[in-house]
Number of protein chains: 2
Amino acid sequence: MTALIETRQWIYARRPAGRVGREHYDLVTTSLPADIAQGEVMLEARWFSVDPYMRIQQAERDTYDVPHPLGIAQRGGVVGQVIRSRDARFAIGDWVAGYTGWQTSAVAHGDALTRLDPDEAPVTTALGVLGMPGRTAWFGLMEAGKPKPGETLVVSGAAGAVGSLVVQFGLKAGCRVVGIAGGEAKCRYLIERLGAHAAIDYKAHRDVTALTAAVRIACPRGVDVYFDNVGGDITDVVIAQIARRARVVICGQISQYDGGLDVPPQGPRLLAHMLYQRASIQGILARDYTPRMDEMRRIVAPWVKAGEVVLHETIVEGFEQLPEALGSLSQGANLGKLLVRA
Amino acid sequence: MTALIETRQWIYARRPAGRVGREHYDLVTTSLPADIAQGEVMLEARWFSVDPYMRIQQAERDTYDVPHPLGIAQRGGVVGQVIRSRDARFAIGDWVAGYTGWQTSAVAHGDALTRLDPDEAPVTTALGVLGMPGRTAWFGLMEAGKPKPGETLVVSGAAGAVGSLVVQFGLKAGCRVVGIAGGEAKCRYLIERLGAHAAIDYKAHRDVTALTAAVRIACPRGVDVYFDNVGGDITDVVIAQIARRARVVICGQISQYDGGLDVPPQGPRLLAHMLYQRASIQGILARDYTPRMDEMRRIVAPWVKAGEVVLHETIVEGFEQLPEALGSLSQGANLGKLLVRA
């Protein structure tokens, strides 16, 4: 008789039309066979990554991928510890990062896991600055944004995981960096902790006219690079202020995820303005740069070690909180990287 | 006493809100002093170029340039013959291309003129395939579109001056080329004369749903490169069908020029889709490539000489017709390059 290991799972059960929450999931307890196959590793999850892209995958239509299937555990990035191993590269107790989703214990093939060295960097950095958000920020900014010293970089969602890294990478690149975020606390964080040249609290502006004035004041020579995490009105305002040959990097459109994923909402047409300014737009996705993680780590890991690049972590306690945590992303409530501790 | 040369001019006098026409111009007869300065050339215009960009410059707001001033002759490309010269590079009777605008005779500095060799290519090609439209099509497609053999290229405004060249350059690049144009005659021209693989008559489709079906049928593997001259509904439909890592080249948005230049109209938001497909949009303008004309001529001029690349000319007779000819551009009435003969 095979021994069994109990695992709890959040099963993605119903597609959200608007904001995602607990009502779209079933919490189940099930068992994993304790005997794993050659090459496999069993892990216990310690940290769950909660990221905006997960909401995109819940659309009914194909987005950057086919829709997340119903009836399986919610997919997502995880950091955990090995509890069984039939892969010589992993020993019990080892820290690993993988993509095993919302389950307290999971089995994965060793090839799908990355071994982490907790002495090199805190293990949660594998879900942050040295993981998917870091890769997104680094390659999105450097490859698609092509920042040059002295240029003006505007970042929307600037206090989020990717945004706050883009702010710091932009400063390293010699840009004048303007962050847009919601609320005074986030704006103070951008300036006082991250070193942004200016921060705009979009919530403090009554309409797009007022926000336009704020962007103009913060960017007197226009916007050379716009790194966009949010879309919607904020992006309409910034794109209207782009400078000649500006680069617009589309990393996320989080303002649209709770409503506009299946049928695009209306907004001002922007292509004529792109033409006049001979500007470019580039959609980017972290996975396209996965094979180049070594290149990014070589540059960014020493900055992390030296404390020159930081990523604030907002930690939610308890596996039970995962659906609510995911839903909270579109509410702009969190600073930096949102993690759920198992 | 200085002798005088009579010249007729179309003075750009009133900004159009919608379609431009004769009511926005004053036709005047004035005199040029017959004594020109050292380094100057006087020419008599033979051919006037009529191009969509001229309507953009008539917007009240800055577009790719400051607005065209009121009270001066309409600017535009011209081919003419030298009638006086104080520049040793130009002799009386020489054919030249310049930017002297809507006047029957004009004085220009020699540096602002290009000498044409009528034995090398018909002089009107300086306003077409070997001039601004050719440069736009060539660099827009090759530099921003980056076409690869076997890829699907969709061209809107495909029977226009730039569009019909993009169709042919796309075929040279080994693409499967789909042209979108208005009316059966233009579509037959695209297939039978230019060699496009497919042509879509947007006027034959009752709505965007029907047009979407037509684009899907013509592009079963999606759209890798979209060269856009028109904007609006047609572009909404094509962008929804772009393939992964597609390149969208924004060359013109002529559907918007008669109404949407000063305040952008609404349309479906497209940035989320750009993100999912990791696609790019690049606005392009011919003047950015002017220093590279030699590079383009080296490749394209032999094709023109061999008859491998053609540009149909629609010729309107008479200087008096210039304002109406410009207004006709947005009506989609013309095939190929629109010229007015003096």
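Reply: The largest nonpolar core has 124 residues. Within that core, A:Y226 and B:Y226 have the most contacts. This is a predicted model. The predictor gives the complex an ipTM of 0.90 and a pTM of 0.93. Chain A averages a pLDDT of 96, and 99% of its residues score at least 70.

Take A:Y226. Beyond its neighbours within four places in sequence, A:Y226 contacts A:V154, A:S156, A:I234, A:T235, A:V238, A:I239, A:R247, A:V248 and A:V249.

A:I239 leads on to a histidine. Leaving aside neighbours within four places in sequence, A:H273 is in contact with A:I239, A:A240, A:I242 and B:R61. The contact list of A:H273 therefore includes a residue of chain B, namely B:R61, when contact means heavy atoms within 4.5 Å. A:H273 sits in helix α7 (residues 271–276) of chain A. Its relative accessibility is 13%, and A:H273 counts as buried.

Now chain B. Helix α6 (residues 232–239) of chain B has 7 of its 8 residues buried, so this helix is largely enclosed by the rest of the structure. The buried residues are B:G232, B:I234, B:T235, B:D236, B:V237, B:V238 and B:I239.

Next, the sheet. An open sheet of 12 strands runs in the order β11(A)-β10(A)-β9(A)-β12(A)-β13(A)-β15(A)-β15(B)-β13(B)-β12(B)-β9(B)-β10(B)-β11(B). Its pairing is mixed. The edges are β11 (198–201) of chain A and β11 (198–201) of chain B. Each has a single partner strand, so one side of each is left without a neighbour in the sheet. From one strand to the next, the twist averages 15°.

Look at the chain A end. Strand β10 (residues 176–181) of chain A pairs with β11(A) in the parallel sense, over 4 bridges. There, A:A181 stands opposite A:D201 in β11(A). On chain B, helix α5 (residues 208–218) packs on the sheet and touches β10 and β11 of chain B. The direction of helix α5 makes about 180° with that of β11(B).

A further helix of chain B covers other strands. Helix α3 (residues 161–172) of chain B lies across β9 (152–156), β10 (176–181) and β12 (223–228) of chain B. Helix α3 runs at about 170° to β9(B).

Chain A also has an open sheet of 3 strands, in the order β2-β1-β4. Here the pairing is antiparallel. The edge strands are β2 (25–33) and β4 (72–73) of chain A, each pairing on one side only. β1(A) and β2(A) pair over 9 bridges. A:W10 stands opposite A:L27 in β2(A).

Last, the charged pairs. The structure holds 44 salt bridges over all chains. One of them joins A:E320 and A:R8, with the closest N and O atoms 2.8 Å apart. A:E320 lies in the loop between β16 (313–317) and α9 (322–328) of chain A, and A:R8 lies in strand β1 (residues 4–12) of chain A, so the pair ties together parts that are 312 residues apart in sequence. Both ends are partly exposed: A:E320 has a relative accessible area of 28%, and A:R8 has a relative accessibility of 30%.

A second pair is A:D87 and A:R89, whose side chains meet at 2.7 Å, N to O. A:D87 counts as buried at 9% relative accessibility, whereas A:R89 is partly exposed at 47%. This pair belongs to a network of salt bridges that links A:D87, A:R89 and A:D111.

B:R188 and B:E192 meet in a salt bridge at 3.3 Å, N to O. They are 4 residues apart in helix α4 (residues 184–193) of chain B, so about one helical turn separates them. An α-helix has 3.6 residues a turn, so residues three or four places apart point the same way. B:R188 is partly exposed at 45% relative accessibility. B:E192, at 57%, counts as exposed, because the cut-off for exposed is over 50%.

How values were computed: Residues numbered from 1 in each chain as written. Chains lettered and ligands numbered in written order. Predicted model: local features only at pLDDT ≥ 70, side-chain atom pairs only at ≥ 80, totals over all residues. Heavy atoms only, no water. Salt bridge = Lys/Arg side-chain N within 4 Å of Asp/Glu carboxyl O. Helix = DSSP H or I, 4+ residues; strand = E, 2+ residues; numbered from the N terminus. Buried < 20%, exposed > 50% of the residue type's maximum accessible area, 1.4 Å probe, protein only. Core = buried A, V, L, I, M, F, W, Y, C linked by side-chain atoms within 4.5 Å. Pairing = 2+ DSSP bridges. Axes fitted to C-alpha atoms, helices over the stretch in contact; angles between N-to-C directions. pLDDT = per-residue confidence, 0-100.
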